[in-house]
Amino acid sequence: MKHLLKISAHLTNITDLELDVGVNNTNVGLYWKIQCVGCKHLQTKMITVILDVKWFDMKKAHSNNMMCEVCKRTSAVIVSSGKSIRLTQEHNGIFVPLMEINSNFFEPVECVFSHGWKAETMSGKKMNNIDLSAGEFYDYDVECQCSISATNLKAMFEVMDAKVEGSSAGKHHVWKK
Ligand SMILES: [Zn+2]
């Protein structure tokens, strides 16, 4: 089963919003919940990306081995940067790919934005460790004397390959903060 995690936002005077992984261990960017396709149990443990690599340099997929908390079935949850695209203002309101999630028995169902994002302002100022846990972000760029923001953050999981018995083929999960 393969899912593409896509995100969208409305950016104002800010560009190239992306995960700021590889800086320190407290940067997580986002989490997501997974559901066992066998017994349908929604796992309490949430998944995030491995943070010791630069996201766009990620040559190899990273794997988390998970065991269902109820039926004890085990499966790897493999995460890769896939066709990851940095969000710009041209993408406002459009879902762009962030990562691919590949697992035999666990389906991603719910995503939570966190801190650990980076972006650039229109004056070229780099911003690190942006916190999107409130579902939006506001700041002021002194150099261009303008307000900057990322609002209306949304995420969705698109089914790329639903080949697993009992999976919810073609089902899209959409939510917003
Ligand atoms: Zn299960």
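What is the mean pLDDT of the protein, and what percentage of its residues reach 70 or more? The structure is a predicted model, and its mean pLDDT is 82, with 80% of the residues reaching 70 or more. Where pLDDT is low, the predicted coordinates should not be read in detail.

The overall architecture may be taken next. The secondary structure consists of zero helices and twelve strands, so that the pattern along the sequence is β-β-β-β-β-β-β-β-β-β-β-β. Of the 177 residues, 30% count as buried. Among contacts between residues at least 6 apart in sequence, 64% join residues at least 24 apart.

Strand 1 (residues 2–12) is joined to strand 11 (residues 146–161) by ten bridges, and the two run antiparallel. Within this pairing, Lys2 is placed opposite Asp161 of strand 11. Strand 1 also pairs with strand 6 (residues 96–103), again in the antiparallel sense, over six bridges. Here Leu4 faces Glu100 of strand 6 as its opposite residue. In a regular strand the side chains alternate between the two faces of the sheet.

Strand 11 has a further partner in strand 10 (residues 137–141), with which it forms an antiparallel pairing over five bridges. One of the bridge pairs links Asp139 to Ile148 in strand 11. Strand 10 and strand 11 form a hairpin with four residues between the strands, and in this hairpin Gln145 adopts a positive phi near 50°.

Which residues have the most contacts inside the largest nonpolar core? They are Leu5, Ala9, Leu17, Leu132 and Ala150, in a core of 35 residues. The elements that contribute two or more residues to this core are strand 1, strand 2, strand 3 (30–36), strand 5 (74–80), strand 6, strand 7 (106–113), strand 8 and strand 11. The surroundings of Ala9 illustrate the packing: apart from residues up to four places away in sequence, Ala9 touches Leu17, Leu87, Ala150, Thr151, Asn152 and Leu153. Two of these contacts, Leu17 and Ala150, are themselves named among the core residues with the most contacts.

Most residues other than glycine have a negative phi, and most peptide bonds are trans. Asn13, although not a glycine, has a positive phi of about 55°. Is Asn13 buried or partly exposed? Asn13 counts as partly exposed because 16 C-beta neighbours lie inside 10 Å, whereas a buried residue would need 20 or more. Leaving aside neighbours within four places in sequence, the contacts of Asn13 are Thr121, Met122, Asp141, Cys144, Cys146, Ser147 and Ile148. Asn13 and Cys144 are 131 residues apart along the chain, yet their C-alpha atoms are separated by 9.2 Å.

Strand 2 brings the account to a second sheet arrangement. Three strands form an open sheet in the order 2-8-9, with antiparallel pairing. Strand 2 and strand 9 (126–130) stand at its edges; each has a single partner strand, and therefore one side of each is left without a neighbour in the sheet. On average, neighbouring strands of this sheet are turned by 20° against each other, direction ignored. The pairing of strand 2 with strand 8 (residues 117–121) is made over four bridges, and Thr15 stands opposite Glu120 of strand 8. Asp16 belongs to strand 2 as well. Its phi is near 55°, a positive value in a residue other than glycine. Asp16 counts as partly exposed because it has 16 C-beta neighbours inside 10 Å.

Notes
Residues numbered from 1 in each chain as written. Pairing = 2+ DSSP bridges. Buried ≥ 20, exposed ≤ 12 C-beta atoms within 10 Å, placed from the backbone. Contact = placed C-beta atoms within 7 Å. Axes fitted to C-alpha atoms, helices over the stretch in contact; angles between N-to-C directions. pLDDT = per-residue confidence, 0-100. Core = buried A, V, L, I, M, F, W, Y, C linked by C-beta atoms within 7 Å.
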